[in-house]
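Visitor: I am new to this structure and would like a close look at a single part of it, namely its salt bridges and what surrounds them. Could you take me through that slowly, in one connected account?

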Amino acid sequence: MTARAFIIAAPRSGSGKTTVTLGVAAALRARGVRVRVAKSGPDYIDPAFHAAATGRPGLNLDSFAMPPALIDALAAEVGQAADTVIIEASMGLFDGIEGETGRSGAAADLAARLGLPVVLVLDISGQSQSAAAVVRGFAGHDPRVRIAGVILNQVASERHRAQASTAIEALGLPVLGSLPRDGAVRLPERHLGLVQAEEHPALAAQLAALAERAEKHIDLDALCALGAPVNPAGPAPVALAPPGQRIALARDVAFSFAYEHVMAGWRRAGAEILPFSPLADEAPADHADACWLPGGYPELHGERLAQAFRFLDGVRAFARTRPVHGECGGFMVLGEAIEDAEGKVHPMLGLLGHATSFARRRLNLGYRRAVTLAASALGPAGTRLRGHEFHYASVTQAGDDAPLVALSDGRGMDMGPSGSRRGRVSGTFFHVIATDGQSSGAEP
């Protein structure tokens with residue numbers, strides 16, 4: 001029996017989508033419901049919180065970067081392994097980029113493609129009946145997207161709740177819950193979003209508090225009942241061809257930004273993933289064929305990484321005979337040095353010639369398209385990829401390595417050559433979500 005699914009969205013960021021999603025997921029899990037949560041868009045941090053709340057792996061669904069067949073297959077896989085599936089939107093429901101219809105990156109694309117109802121979380125602080133005008137606008141904005149209900153957040157009083165609810169219900173839409181302003185649970189944040197789930201000082205207690213709050217203030221039965229069945233689909237295509245049969249994957253709080261669907265695709269293609277911890281001074285496995293350094297927060301752990309000599313020497317030795325690739329934070333560690341926020345410089349692997357600084361912050365954010373300029377761990381020359389950048393680090397020393405990719409933004413506007421390659425080593429700030437088109441799913 002397939003799951004019933006719905007999307008939790010909002011008019012804008014900061015409305016409370018994540019805390020509502022976590023509370024609902026944790027409350028349903030406490031009832032014995034098998035819950036899976038997916039995040040719309042390129043987000044590494046929220047899926048780890050979703051996994052903690054549900055006890056099941058988090059997932060991303062991205063209408064810009066993923067081929068439609070991959071979205072269909074991933075949604076179907078999740079639906080087969082759960083009773084209830086929740087998709088948490090990013091930013092506002094309709095927020096994405098201009099371009100190809102249905103591939104804007106907005107959660108509305110997923111609602112339309114998968115035929116799923118949307119529940120709007122409304123922060124009604126500073127308004128009451130006017131909230132109904134917002135709901136009316138969202139309900140009529142796109143005929144492909146069905147708004148099925150509303151959850152009110154930041155409710156100041158019973159009178160406040162009644163005024164907003166009466167106006168919204170007059171539109172024929174149910175108000176499924178109202179969360180009071182007092183007692184709101186806030187999760188700690190840092191520069192890329194929430195503090196990572198595995199670093200959270202009291203995550204279990206906060207999830208329990210969110211679950212209790214959802215159970216008390218949201219009609220969970222009505223919420224789950226409005227969900228639509230997840231449609232069956234064929235097997236998921238491999239999002240990115242594995243770089244080897246056995247892949248050494250850096251994995252700890254400094255290197256945690258690896259997409260679950262990419263790793264799962266590697267396993268489906270027959271690859272074995274061999275995790276190791278640079279912060280624990282572990283080297284990549286000797287019998288691995290390739291080494292992958294994901295993004296994360298290496299700038300917060302520069303001193304420890306600079307003193308992790310088994311890790312540093314191990315990766316340098318590995319790179320003499322086998323490919324090593326770094327994404328974002330991993331790319332920073334492949335360079336000569338990282339300058340932390342306090343201005344202290346920490347020597348890194350030196351396998352590529354660039355140096356980066358977090359003291360001189362500059363936000364780089366957005367969807368990206370890339371074409372590889374030479375064979376690398378990302379694939380043969382000419383491989384087309386889609387993904388994103390999201391980092392504050394700046395390059396303070398460019399080095400003289402050859403570029404790895406020709407980069408453009410999500411709309412296809414040329415951004416010039418990017419990344420670096422030297423011998424078997426490659427890296428870029430660009431995070432890959434999927435190849436631009438369906439993968440053949442070939443064995444590594």
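Guide: Arg386 counts as buried, because its relative accessibility of 4% falls under the 20% limit used for that word. This is a predicted model, and the contacts described here are read from its atoms. The side chain of Arg386 meets that of Asp436 in a salt bridge, with 2.9 Å from N to O. Arg386 belongs to strand β19, whereas Asp436 lies in the segment after β25, so the pair ties together parts that are 50 residues apart in sequence. Asp436, for its part, is partly exposed, with a relative accessible area of 31%.

One that links distant parts of the chain joins Lys39 in strand β2 to Glu88 in strand β4, 49 residues apart, and here the side chains meet at 3.1 Å, N to O. Lys39 is buried, with a relative accessible area of 3%, and Glu88 is buried too, with a value of 0%.

The strands of this last pair lead on to a helix, for β2 (35–40) and β4 (84–88) are among the elements that cover the buried residues of α3, as are β3 (59–61), α4 (107–114), α9 (260–268) and β25 (431–435). The buried residues in question are Leu70, Ile71, Ala73, Leu74, Ala75, Ala76, Val78 and Gly79. Helix α3 has 13 residues, 68–80, which at 1.5 Å a residue should span 18 Å, and its end C-alpha atoms, 19 Å apart, agree with that.

Leaving aside residues up to four places away in sequence, Trp266 touches Leu240, Ala241, Pro242, Pro243, Ile247, Ala271, Ile273 and Trp292.

Four strands form an open sheet with mixed pairing, in the order β16-β15-β17-β20. At the edges stand β16 (345–347) and β20 (394–397), each with a single partner strand, so one side of each is left without a neighbour in the sheet. From one strand to the next, the twist averages 25°. Strand β15, residues 337–339, runs antiparallel to β16 and is joined to it by three bridges, and the bridge partner of Glu339 in β16 is Val345.

Conventions:
Residues numbered from 1 in each chain as written. Predicted model: local features only at pLDDT ≥ 70, side-chain atom pairs only at ≥ 80, totals over all residues. Heavy atoms only, no water. Helix = DSSP H or I, 4+ residues; strand = E, 2+ residues; numbered from the N terminus. Expected span 1.5 Å × (residues − 1). Buried < 20%, exposed > 50% of the residue type's maximum accessible area, 1.4 Å probe, protein only. Contact = heavy atoms within 4.5 Å. Salt bridge = Lys/Arg side-chain N within 4 Å of Asp/Glu carboxyl O. Pairing = 2+ DSSP bridges. Axes fitted to C-alpha atoms, helices over the stretch in contact; angles between N-to-C directions.
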